[in-house]
Number of protein chains: 2
Amino acid sequence: MWQLLQFPLCPFSRKVRLLLGEKGIAYEPVRESPWQRRDEFLDLNPTGQTPVMIDAERHVTLIDSTVICEFFEETVNKNALLNGSAVDRAEIRRLVVWFDNNFYSDITAPLLHERMIKRIVYRQPPDAKALRDAMKAAVGHLDYIDYLLDHRTWLAGATMSLADITAAAQISVADYLGGIDWKSHELAKRWYIGMKSRPSFRQLLAERMEGITPPADYEKLDL
Amino acid sequence: MWQLLQFPLCPFSRKVRLLLGEKGIAYEPVRESPWQRRDEFLDLNPTGQTPVMIDAERHVTLIDSTVICEFFEETVNKNALLNGSAVDRAEIRRLVVWFDNNFYSDITAPLLHERMIKRIVYRQPPDAKALRDAMKAAVGHLDYIDYLLDHRTWLAGATMSLADITAAAQISVADYLGGIDWKSHELAKRWYIGMKSRPSFRQLLAERMEGITPPADYEKLDL
């Protein structure tokens with residue numbers, strides 16, 4: 001069976017877990033805390049980042065969330081998440097890059113640093129200004145999601161795709177860390193409740209990161 | 001015809017140009033300087049980054065170098081650059097991510113900032129320590145390329161792939177900016193001379209960024 005090296009608040013591991021769930025691929029989650037920079041993990045993946053997937057029997061190691069998603073999209077037909085024409089697929093991939101890079105660096109990464117790394121590694125309180133900046137950036141990103149959903153049923157077009165999974169994975173971590181305010185983002189909120197209600201998502205939402213409690217609404221389907 | 005919005009020292013645009021060259025796809029390069037943050041360009045691509053490709057007749061816009069490469073790999077069969085089994089393709093894509101993210105942030109990005117942006121935008125001299133750190137990081141990356149080539153003919157395996165193109169694109173910009181010392185990296189040097197001698201590469205090497213002169217060896221095939 002596949003092993004997935006990850007930690008509960010890794011947004012890239014969440015993306016992979018949602019894809020594996022949608023496609024019905026069995027895996028065993030294995031806890032890896034990249035900030036500990038374990039030698040064995042760095043030997044496996046020189047970037048030092050989660051997720052990594054291992055099939056020990058077949059001696060296969062897959063590194064990087066986008067690489068992992070492309071691999072399973074190519075090898076498992078069930079529930080295609082890169083649908084449509086080459087142009088449609090380019091739009092899905094553009095949004096995957098947007099949320100993995102821009103949403104992550106504007107919002108998820110600073111929230112993880114302030115509320116998780118500072119607590120676990122440095123035993124410091126979060127910086128109030130960094131938190132405010134991340135929450136302000138989240139409003140801009142929710143505006144963009146509203147704009148997309150004003151034209152489309154799902155973020156990249158007519159069907160649910162890897163773009164929705166990637167966005168929801170990032171948002172779920174930001175939401176866990178108190179960075180999301182749904183006020184005046186009706187379309188984005190309704191879309192996210194739809195994502196949360198999927199069986200692939202329920203399991204993720206039930207997990208907790210030790211020492212960090214999510215807001216009361218985190219798992220709820222009626223925001 | 002496709003238009004490619006780019007500037008001469010953009011490593012991601014170079015990656016796309018090398019792929020287009022290998023596949024024999026015609027395009028018109030159009031100069032875009034992302035640091036000017038033109039409104040029209042930001043409307044086209046909210047990330048504000050090059051490359052962007054436009055087919056005005058078919059109303060298609062492609063954003064992000066990896067998205068563009070996947071698009072042409074899917075639509076143009078000639079000279080496949082994501083070759084082999086799903087596992088082979090995962091290894092190619094892993095190295096694309098490695099050079100686009102890690103090589104770029106360790107080496108190309110600081111060199112572009114110190115030697116290009118500071119000159120063009122801020123009219124400041126480069127910071128000597130930042131340059132030294134980037135050149136030191138380059139030694140580590142060349143070590144890794146030597147290690148890969150000790151086991152393989154090309155970076156990801158038996159055939160030339162998008163991994164070679166991505167690495168060569170990053171290295172060529174770092175080399176233009178004086179950040180590469182080939183000393184004691186024989187395998188990497190021989191591989192890079194092989195890449196430089198390809199017709200797709202010759203055209204890139206002939207171009208200049210205004211006000212910035214590359215080292216004497218930059219275009220040479222006998223380092």
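Colleague: How far apart do the end C-alpha atoms of residues 1–80 of chain A lie, and what share of the span is helix and strand?

Modeller: In this predicted model, those end atoms lie 21 Å apart, and the span is 38% helix and 22% strand. Helices (H or I, at least four residues) and strands (E, at least two) are DSSP runs, numbered from the N terminus. An unreviewed UniProt entry annotates residues 1–80 of chain A as "domain: GST N-terminal"; UniProt annotations may be inferred rather than shown by experiment.

Colleague: What conventions apply?

Modeller: Residues are numbered from 1 along each chain as its sequence is written, and chains are lettered from A and ligands numbered from 1 in the order in which they are written. As the model is predicted, local features need pLDDT of at least 70 and side-chain atom pairs count only at pLDDT 80 or more, while totals for chains, interfaces and linings use all residues; side-chain values use heavy atoms, with hydrogens and water left out.

Colleague: Which residues have the most contacts inside the largest nonpolar core?

Modeller: In soluble globular proteins, nonpolar side chains tend to be buried together. A nonpolar core is a set of buried Ala, Val, Leu, Ile, Met, Phe, Trp, Tyr and Cys residues joined through side-chain atoms within 4.5 Å; buried means under 20% relative accessible area, exposed over 50%, partly exposed in between (1.4 Å probe, protein chains only). Here the largest core has 71 residues, and A:Leu9, A:Met53, A:Phe72, A:Leu155 and A:Trp191 have the most contacts inside it. Helix H4 (residues 86–122) of chain A gives the most to this core, 11 residues. Apart from it lies another core, of 69 residues, including B:Leu142 and B:Met160.

Colleague: Where does a cis peptide bond occur in chain A?

Modeller: A cis bond joins A:Thr50 and A:Pro51, with omega about 0°. A:Pro51 sits in the loop between H2 and strand E3 (52–55) of chain A. In chain B, a cis bond joins B:Thr50 and B:Pro51, again with omega about 0°.

Colleague: What is the phi of A:Asp64?

Modeller: A:Asp64 is not a glycine, yet its phi is positive, about 90°. The residue is in the loop between E4 and helix H3 (65–75) of chain A and is partly exposed, at 21% relative accessible area. B:His59 also has a positive phi, near 55°, but B:His59 is exposed, at 72%.
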